Amino acid sequence: MYLRYPEFKDKVVIVTGAGSIPGKKPSIGYATAQKFAKNGANVAIVDVNETYGTHSLELLYGQGFEPTFIQADMGDKLQIKEMVNRVNGELGPPFVLVTAAGIEKVGQNFVEMPEQDLDRILDVNLAGPLYCCRGVIPYMVQNGGGRIALVGSIQGNVTLGEPTSYQLSKAAMKALARNIAFEYGSMGIRANNIEPGAIATGGMGEGRGPFPEEMRSRIAMNRRGHPDEIANVILFHCSEEASYVNGTSILVDGGWLAGGTPMKVSDNIPNDPDPRVKTSSK
Ligand SMILES: NC(=O)c1ccc[n+]([C@@H]2O[C@H](COP(=O)([O-])OP(=O)(O)OC[C@H]3O[C@@H](n4cnc5c(N)ncnc54)[C@H](O)[C@@H]3O)[C@@H](O)[C@H]2O)c1
């Protein structure tokens, strides 16, 4: 079998938010897990939602891969610790961490939104990646290095009218990548922050309904991106081909920001359902 990135063969890779909604387009996490599996990696699919996680597991088993699913809430520090320890115990020390788990609530700013929603966004999107990194870095140091891909957002760069808390959490990924690079670069760890634009995923992408024409027209390529187009960038940045890329943020938005100020999204897109709530697979 031809492996595009042979360095990932038998390496342990954690992808958070790698579940996929049955019957919908894949998530960025799933697309990433699939590409690592295709390159021979030993992948841990982490998701809070059992239905979504099991669905990804079944899809990958159907393609001849044997990933492991770990159900864990990336908004809960204890569960993050347990997840990392379980990966290390059952699969071996993690070489790659991809933090794709994320949520957002559209429409209310941080003053108006219920405190519990504000806390939850910061717990999952900001504290989650921070504690995942805190969990894996000691293993990476012990084993001579590792790769971290944080999944930020175009919204780490601009205000799209979505809640401050989401943008705050995504902007923080820039600083987290920089800090890890600065503190652990000499120990063989590279960390970068991949910032998607509008991506047609089953949850945060198409799951929120039709793509507003006005928004599409502002994207230079006149379309949403595919989850694979983000996964490709993640794999490249974790690979030896990107051996000197460290602590940086990479915008993958089809030229959306190239056109200037993106439109406000809050009036057009309904909220995502909380993935902790089980949904039927219809
Ligand atoms: N889709 C886009 O347009 C877009 C744009 C910019 C950034 N992003 C970012 O990319 C990442 C992935 O987005 P997506 O579109 O694939 O989303 P998605 O909703 O399709 O998939 C996200 C997955 O994460 C899981 N998840 C959510 N909260 C979790 C938690 N607390 N613990 C563990 N798993 C959890 C969900 O169950 C789901 O399976 C997110 O961080 C998002 O902010 C997405």
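1. Basis. The model is predicted, and local features need pLDDT of at least 70, side-chain atom pairs count only at pLDDT 80 or more, while totals for chains, interfaces and linings use all residues. Residues are numbered from 1 along each chain as its sequence is written. Helices (H or I, at least four residues) and strands (E, at least two) are DSSP runs, numbered from the N terminus.

2. Helix H2. Spanning residues 50–62, H2 has 13 residues and reaches 18 Å from its first C-alpha to its last, close to the 18 Å expected at 1.5 Å a residue, where the expected span is 1.5 Å times one less than the number of residues. Gly 64, with a positive phi near 90 degrees, follows H2.

3. Burial in H2. Tyr 52, Gly 53, His 55, Ser 56, Leu 57 and Leu 60 are the buried residues of H2 (buried means 20 or more other C-beta atoms within 10 Å of the residue's own, exposed 12 or fewer, and partly exposed in between, with C-beta atoms placed from the backbone). These buried residues pack against helix H1 (28–38), strand S2 (42–47) and strand S3 (68–71), contact being counted when two C-beta atoms, placed from the backbone, lie within 7 Å.

4. H1 and H7. Helix H7 (residues 227–238) packs against H1 at an angle of about 50 degrees, with the axes 8 Å apart; axes are lines fitted to C-alpha atoms, for helices over the stretch in contact, and angles run from 0 to 180 degrees between N-to-C directions. The two helices are therefore oblique to each other, given that angles under 35 degrees count as roughly parallel, over 145 as roughly antiparallel, 65 to 115 as roughly perpendicular and the rest as oblique. On the H1 side, Ile 28, Tyr 30, Ala 31, Thr 32, Lys 35 and Phe 36 meet Pro 227, Asp 228, Ile 230, Ala 231, Ile 234 and Leu 235 of H7.

5. Asn 246. This residue is found in the loop between H7 and strand S7 (249–252), and it counts as buried because it has 20 C-beta neighbours inside 10 Å. Beyond neighbours within four places in sequence, Asn 246 is in contact with Ala 181, Gly 185, Arg 190, Ala 191 and Asn 192.

6. Positive phi outside glycine. Asp 10, in the segment before strand S1 (12–16), has a positive phi of about 65 degrees although it is not a glycine, and with 9 C-beta neighbours inside 10 Å it counts as exposed. Asn 222, in the loop between helix H6 (213–216) and H7, has a positive phi near 60 degrees and counts as exposed, with 10 C-beta neighbours inside 10 Å.
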